[in-house]
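Take a look at the protein below.

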Amino acid sequence: MRFKLFWKILTQKATEVKIAKLRVLDPAKKVTENSKTIARFNTLKMKYERIKNQLSTKKIDVIKKDILRCAELQSAIKTLTEKAFLNLPITEIGSQPWKKLWESARKFYEHSTHQKFPDLSDDSICPLCLQDLEDKAKGRFTNFEEFMQTDIQSQLNTVKQRLNISEEGIENISLDFSETQSTIAELNSIEKNFKELHNKILVEQITNYISSILGLFSNPQKADEFVIQEINISLTITIDGQEANINLIDVLGEIVTKIEEENKLLLKKSVIEE
C-alpha cells in the first residue's frame, strides 16, 4: 500500500509540460529516457544498501566484541608481565632484546646438555652464569618461560589488526550524496520535505551513529554498554495528508521494477509498430 501510494503520487505530480513531451516521444526514445531514470534510481538505491551493509548489526557486533576482547587480552598481558618481571633489578626484562637473549640461552643449553630448557631439576644450572639454580631462580625461570610461551600477545596483535581494518572501514563510510542530488530532487518533488528529512534525519542519525562507533576505539571502556542499532534506511513522510514510513531501498527497488516493466511494454509496442 505504501509503495502504491508513493508511485501514484510520483506519476500524478508530473508537470503538464513533461506529460506533453512524453506523448510525442516514440517508444524507443521513451525506453532510453526510462533507462536513464532506472540508472539514477539504482545509484541511490545501491548507495543506501552499501551504507546499510557497512553498518550491519553483525559487523558492528564483531567490532564491539573485538574491542572487549582487546581490553581483556591487554589486562591478561599486564597481569602476566607483572608476575614475571615485577621487582627485578634490571629494566627492560621482557623486551625484544631480552627475548632474543632468552631464546639464545635455550638453544645453547639444549644443544650442549641435550636437556629441555629451562631445566628445573635439582642439579640444574643457569646457562649464562653457570651457577646452580636455587628455588627462587627456578621460580623466576618458570615465570619467564610462561611469559615466552603464551600466545596472548599473538592473539592481541591479531585482534588489533582486525580493529585497525574495522576502524578504517567505518571512517571511510561515505554519506556524500552529491552524485544523487538529481534523484533526491525528483523525490523532493513528490514530497516537498523529502530532501530536508533526508539530510536532517536520515544522514544526521547515521552520522551520529558512526561517531559513536568510532568513539569506542578511543574509549574501549564504553564498549560493554554500547547499544548496537539496526540501520533502517527509511523516512516517515506525509503524502497527500497521509503519513507513511517509507523504506527507501524497497521503494526505489519497486519503482525501478515498474519502470522496467514499462520498458518491456514499450519495446513490444515498438516491434508491433515496425
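Glu168 sits in helix H7. Helices (H or I, at least four residues) and strands (E, at least two) are DSSP runs, numbered from the N terminus. This is a predicted model: local features need pLDDT of at least 70, side-chain atom pairs count only at pLDDT 80 or more, and totals for chains, interfaces and linings use all residues. Residues are numbered from 1 along each chain as its sequence is written, and side-chain values use heavy atoms, leaving out hydrogens and water.

**Glu168**
- Glu168 has a relative accessible area of 48%, so it counts as partly exposed (buried is under 20%, exposed over 50%, partly exposed in between; 1.4 Å probe, protein chains only).
- Glu168 and Leu214 lie 46 residues apart in sequence, and their C-alpha atoms are 9.5 Å apart in space.

**Nonpolar cores**
- A nonpolar core is a set of buried Ala, Val, Leu, Ile, Met, Phe, Trp, Tyr and Cys residues joined through side-chain atoms within 4.5 Å.
- The largest nonpolar core has 47 residues; Tyr48, Leu55, Ile60, Ile170, Ile213, Ile233 and Leu248 touch the most other members.
- Several elements each supply at least two residues of this core, including helix H3 (27–54), helix H7 (152–171) and strand S1 (234–239).
- H9 gives the largest share of this core, ten residues.
- Leu248 touches Tyr48, Phe194, Leu202, Ile233, Ser234 and Leu235, not counting residues up to four places away in sequence (contact means heavy atoms within 4.5 Å).
- A second, separate core has 15 residues, among them Phe85, Leu88, Tyr109 and Phe117.

**H4 against H6**
- The axes of H4 and helix H6 (residues 135–149) come within 8 Å and cross at roughly 150° (axes are lines fitted to C-alpha atoms, for helices over the stretch in contact, and angles run from 0 to 180 degrees between N-to-C directions).
- That makes H4 roughly antiparallel to H6 (under 35 degrees is roughly parallel, over 145 roughly antiparallel, 65 to 115 roughly perpendicular, the rest oblique).
- Leu80, Thr81, Lys83, Ala84 and Phe85 of H4 meet Asn143, Phe144, Glu146 and Phe147 of H6.

**H8 against H9**
- H8 and H9 pack at about 120°, with their axes 7 Å apart.
- H8 and H9 are therefore oblique to each other.
- Gln181, Ile184, Leu187 and Asn188 of H8 make the contact with Phe194, Lys195 and His198 of H9.
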